[in-house]
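Please work through the exercises below with the sequence and the model side by side, and try each task before reading its solution.

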Amino acid sequence: MSTATFNPSALNSAQSSPSRVWRHLLWKDWRQVWQLVIGITIVQAALQLMLGTLEVLLPVEMRELSKASVNIALAAPTLLAIACCGMLIGHERQTGCWAWSSSLPVSWRQSLLSKTVVWVFSSTVSLILLLITAQIALSMNERVWLPALFQNSSSTWTYVMTLAITVQVFIFFSIAALLIKDTLMAFVVAAVGMLALHIATIIALAYLLETFVSSHSRLEENIILFVGVYLLSSILGAIGLVYAYRWRWNVGQYAPVPLFGRTSSVGIVRPQRAAWQSFAGASTAPSEFRMLLNHGMRSALGLRIAVVVLALLLMALALMDRALPPCVFAIWLASCILGVSVFSGDQTANRFRFFADRGVDWKKLLIGHVLPPALIAVGLCAIAGVAILSVAETAADYFYPLLICIPIFIVGMLSSLVFASPIISLTVTFVVLSAMFAINSGAILIWEVIYPYNHWEAIAIWFPVSTAIILVVAIRLVPRWLRVDRLNAFITYFWTVFIAAFLPAVFGLTFGFLTIPNYPWQGIPLDRISNVDWSGGPEVKPRSVITRENSGLLRSQNRAGYLNESKLSLEIKETIEGDLLERSMSRSQWLASQNDLLEAIEQGGPKPQKDGLQLSANLSQMIKDSATVALMATDARDKDKSLRAWKANRKLIEFSQQPALQVTTMEAILFVWEMWNTLSDSDLKFLESTGELAQLTPPDPISLDEFRTILRARASIKRELVRLRSVNDVLNQMGRFGTYTPDGFNYLATWGFNAFPPLRWAIERQQSAKLGSELNSTATYANLSGEFAVGESSYSGYLTNAYFTQIFLKKRLDNRLQEVRNAEKQTAP
Amino acid sequence: MSVAINVQHVCKKFGRRTVLDNVSFEVPSGCVFALLGENGAGKSTLIRGLLGFHQFSSGAVEVLGKSPAKEPMELRRLVGYVSDQPGLYEWMTVAEAGWYASGFYAAGFLERFSQLAIDFNLPLDGKVRDLSKGMRAKVALSLAMAFDPQLLVLDEPTSGLDPLVRRAFLESMVDRAAAGQTVFLSSHQIQEVERVADYVAILHAGKLQVVARLDDLKAEVTMINYSLRDPLLAAPIEFDSSEVLQRSQSGRSFQLLVRGFKPEMQELMLRDPNLFEFKAVRPNLEELYIGFTQPAGVADSSGSKPLKAVSDVA
């Protein structure tokens, strides 16, 4: 018998034309990923446009979002690399489609090339579209052209490397997906591999440069070397991908990697089998919960170990660099994948039916599934907490990254329940989380405009509600998931994440106005102020009127109460002495050098300035400087210089009492009063010996009636403002007073936000607060900038404080002088 | 006569586990060849090796004159294959699946696929994800048969099909064989296979127990049932252990599956006064299958060996 060649009808099976093969392959691969590609692109574009819109709303100094929209565009190819590899290789392998595809007469080259083409095409188109939307987002605010962002060579390199890393993501993830059937596991292993490769490369390069090139050679300066190593590793990776693809295409989807031994090819539920093996030796059957818990622990165990390794590697990197972001990224990524791993293991091949068909209690199943990954996440958070502690600068830096892990984990869990494919649930989780992050970041920015004096973390108090919503929905879906063959819950998922994403922002902004404190000028109780017995000094004043940092003490008490008698003068002296020491200058030389200042004051004081704010700032500084010179001269017992400086100081203070300057120089005058109060008895005795003390001390503060008039004027303005009904009225009022400063409020008001009452109230209150401050300053000089008003929210309270403190300090100084004089008289012969 | 598949001394090991152990057989063209075996016997491993999805650890294989290891793509153009778990793309409709596959074959594929889909009552605009298991099997079969392959390799093809469709499908396999095409199938539906198979091979724990023309196999093996009045007395014939494929006993009643049972032996047994209720019948394929695969200890299969090489039978 001979082995025959076959009859002519076999020619019927001749090859199809190459163009048809390509068309069909590309069609299939594109159809496999198009929903993810379009979904990712649309969500990214929406984020960019949202950032652009927000930037329009924000004040100029807060407009830092341009880069973010470009970064979003540059991140798209990486996301698409994950999505394409996951769907075209990992998902095909997991669903068994690979077996059919590879049984068709298609060469591995065509198949690999088709997938690569689809990835390159979708990434390129998506990148171009997103760069266009980035440009639109940038143009919304100011005419910034994208190419301008690439003029900086370092940022250009960053962008280029971001895109270059994408290639390696595609290569590494593809290789991992070809070797490992579980797509999620493949993703994590690829990430670990890439990270390890890059860390090893950096360390090796640093060592080589240190050893062979130059001991002073810096790693950053050898970018060409970096590029070379990157190219080499990419080429080697690409060769590896080609070999791995050819091997997998030929052996089919079930063949084990020779190194790893045989894997099950009959779809045995491995976790169950492993769980059974662990119980096989037990004398009694395990309880249902124990069995489920054991299954939950063993399900995706390899994936979870890989996640832990990945997170630890990233944290090590963060600690090496002493940078917070990699550490935060590590714990967030780990939480996300651990969340997705809760149900994804059982989603594959409908493994959950094993439990469903046995009628297990869904609550036990849920706990058994959630507990192991949640405990791992908690453990990682604990480790990350230690790592972050050494890097974080503030408590917020420390706690918020860890707290945010909870919603991340739960979103991942919900995704794994709703989407059967692990790679889809992972990608959707990434997209949803980034959208939530962007939405709430935007909300925080709006918050900072509307409520500049409150902590943005107020929005974060709504995050537990969002998290609870997602958790409740996930819990309610579990019994449905077990009951039905296919959980069709995409709509539920969409609305859940939509509500959860917007809830903190909407609630925070809606009810944020409740957190606005009562400003001192709002309903200021003038009668109570007039009844205060200020002469005693330390009496407690009405707290809501004049307090500082909730200490319960007056501002002046806070300052004066903690000063010992000589602290201020000592501080000044020590500062100057230190300065002199550095400059190898004697005190007499320094005093001599201050003659110019004194001469300028004696000849006319501060020069007139067009800008009232500049004038008052110069005047305040001169008042402080001349007082400092006077203090030092007094300390040196330089009688002439001391008299001269104190007189100059007195002259400046008298100059500052004109209506245009008396309020804004109040702090400097307060400084002088405090300085007088901290002079030692010997200093006072020395000054009195000049016989001109009355001419040296600051003049008496304005009368109480005069000050009361100022406060009344402000109170009446406030009452007028709160009667106004809309933001536009407030804005018009501002325009009337000539203090109109365009900023985000105007946009908010004109964009129809005032139709939403809570937000309108918030804007009105905030705006009127700002306006009140501006009007207060308007009384002193015409062209006050908005900056000053924003920075002095409790300006009225401060003024009241400063006024009373001056009176208090004057009285106290009078008493001390009297005591000194009495003592002098007693000791006189 | 030409040979569609030629397998010689094939072994396959996964790690230290031997899945196929020295398997040899030949499949003539123009026949229906059934590969039988219990779960895990190595049927799918053998089939996938025949299509070049993996290389055997040792041995030589030739399919349609081509080496699966060296020319897998050429082979796949000639062979229609339906795996035990047809992995169709869930998002495709039936028509899209046909259109997609048509890109890799010569013209005419789509028309034949459409005809097969109509014959199988498949909804062309229905998504694969919405189809039942049986419907998916029909889609997979339609895709495999639409290019009229010279060799059709079917791994559990009738799993999920309803009886009527199964019968019609298997009968169509006979027609294919009559037209000179070869059908190589593995199945657990032994009764169905018995009706259509020309040749049968039984694989047990990686070893080929028998490969023969089905009719010859049936002619060569006899199932004997008898009871003994006095079980302490010896039976009139002591069969050579190599001839007994299976032996079972229930009280004083015995059942033997014997190879080469001759008429004179029957005469001898009938004359024995100690023996009553004697019956000798031709076994069906299921009985043969059990005889060749029943585990040691239950049945005496110590002498089971391949009866004849298929070439000898042919």
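Two exercises with worked solutions follow.

This is a predicted model, in which local features need pLDDT of at least 70 and side-chain atom pairs count only at pLDDT 80 or more, while totals for chains, interfaces and linings use all residues. Residues are numbered from 1 along each chain as its sequence is written, and chains are lettered from A in the order in which they are written.

**Exercise 1.** Determine the strand order of the four-stranded open sheet in chain B, and find the helix that packs on the sheet.

Solution. Begin with the strands (DSSP runs of E, at least two residues, numbered from the N terminus, as are helices, runs of H or I of at least four). The order in chain B is β11-β12-β10-β13, with antiparallel pairing, where two strands pair if DSSP finds at least two bridges between them. Next, look at the edges, which are β11 (244–250) and β13 (275–281) of chain B, each pairing on one side only. Then take β10 (residues 221–228) of chain B, which is joined to β13(B) by five bridges; here B:M223 stands opposite B:V281. Finally, helix α10 (residues 285–293) of chain B touches β10, β11 and β12 of that chain, contact being C-beta atoms, placed from the backbone, within 7 Å.

Notes. Two residues are in contact if their C-beta atoms, placed from the backbone, lie within 7 Å. Axes are lines fitted to C-alpha atoms, for helices over the stretch in contact, and angles run from 0 to 180 degrees between N-to-C directions.
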